Amino acid sequence: MEQYSNPQGSSKGLSIAALICGVLGIISFFVSVFSIKGVADSGNVTGVLVFGILGLILGLLGIILGAIGMKKAKEYGQSKGLAIAGLVTGII
């Protein structure tokens with residue numbers, strides 16, 4: 001009995017993960033930016049820093065996963081649309 005591998009899902013999963021990380025990174029960054037006004041008077045900036053750092057980490061992860069997803073999509077001859085979207089949202 002032969003087993004066949006399905007390369008179709010490998011680049012798509014990475015591309016979707018890149019897109020999700022990029023979008024969550026953008027949301028996290030904007031939450032931290034718009035929270036600065038609310039915490040400026042109280043002096044408690046821990047939450048703002050956590051969301052800001054989380055946004056940066058998720059953005060970098062989106063860039064890395066998007067680049068890997070583009071490479072795998074090219075390798076398997078698949079569409080690179082999701083990978084490019086993940087890359088762009090990670091860069092933003």
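Trainee: How much space lies in the largest pocket?
Mentor: The general idea comes first. A probe the size of a water molecule, rolled over the atoms, shows where empty space is left. Now the case here, keeping in mind that the model is predicted. The largest pocket holds about 160 Å³ of space. It has 13 lining residues, and G25, F29, G55, G90 and I92 are the closest to its centre.

Trainee: Which helix gives the most to the lining of the largest pocket?
Mentor: That is α1, with five residues. The lining also draws on other elements: α1 (8-39), α2 (46-76) and α3 (81-91) each supply at least two residues.

Trainee: How do the lining residues divide into nonpolar, polar and charged?
Mentor: Seven are nonpolar, six are polar and none is charged. Note that Gly is counted as polar in this scheme.

Trainee: Let me step back to the fold. How many helices and strands does the chain have?
Mentor: Three helices and zero strands. Read from the N terminus, the order is α-α-α.

Trainee: What share of the contacts with a separation of 6 or more comes from residues 24 or more positions apart?
Mentor: In this chain, 73%.

Trainee: Now single residues. Is S28 buried or exposed?
Mentor: Use the cut-off: buried means under 20% relative accessible area. S28 has 5%, so S28 is buried. This residue is in helix α1. Beyond its neighbours within four places in sequence, S28 is in contact with F51, L54 and G55.

Trainee: And where does I27 lie?
Mentor: Also in helix α1. Its relative accessible area is 47%, so I27 counts as partly exposed.

Trainee: What share of the chain is buried?
Mentor: Buried residues make up 25% of the 92 residues. For the surface, the accessible area comes to about 6,300 Å². Carbon and sulfur atoms account for 71% of that area.

Trainee: How many aromatic pairs does the structure hold?
Mentor: One. Its members are F29 and F30, with ring centres 5.8 Å apart.

Trainee: Why is the F29 and F30 pair edge-to-face?
Mentor: Check the angle between the ring planes. Planes over 60 degrees apart count as edge-to-face. The planes of F29 and F30 are at 70 degrees, so the pair is edge-to-face. F29 is partly exposed at 41% relative accessibility. F30 is partly exposed, at 41%.

Notes: Residues are numbered from 1 along each chain as its sequence is written. This is a predicted model: local features need pLDDT of at least 70, side-chain atom pairs count only at pLDDT 80 or more; totals for chains, interfaces and linings use all residues. Side-chain values use heavy atoms; hydrogens and water are left out. On a 1 Å grid over the protein atoms alone, a cavity is a set of points where a 1.4 Å probe fits but cannot get out, and a pocket is an open set with protein on both sides within 12 Å along at least five of seven lines; lining residues have an atom within 4 Å of a point. Grid points are joined across faces, edges and corners, and a volume is the space filled by probe spheres set on the points. Helices (H or I, at least four residues) and strands (E, at least two) are DSSP runs, numbered from the N terminus. Buried means under 20% relative accessible area, exposed over 50%, partly exposed in between (1.4 Å probe, protein chains only). Contact means heavy atoms within 4.5 Å. Rings of Phe, Tyr and Trp (its six-membered ring) pair if their centres lie within 6.5 Å; planes under 30 degrees apart count as stacked, over 60 as edge-to-face and the rest as tilted. Accessible areas come from the Shrake-Rupley method with a 1.4 Å probe; for residues, only the protein chains shown count as cover.
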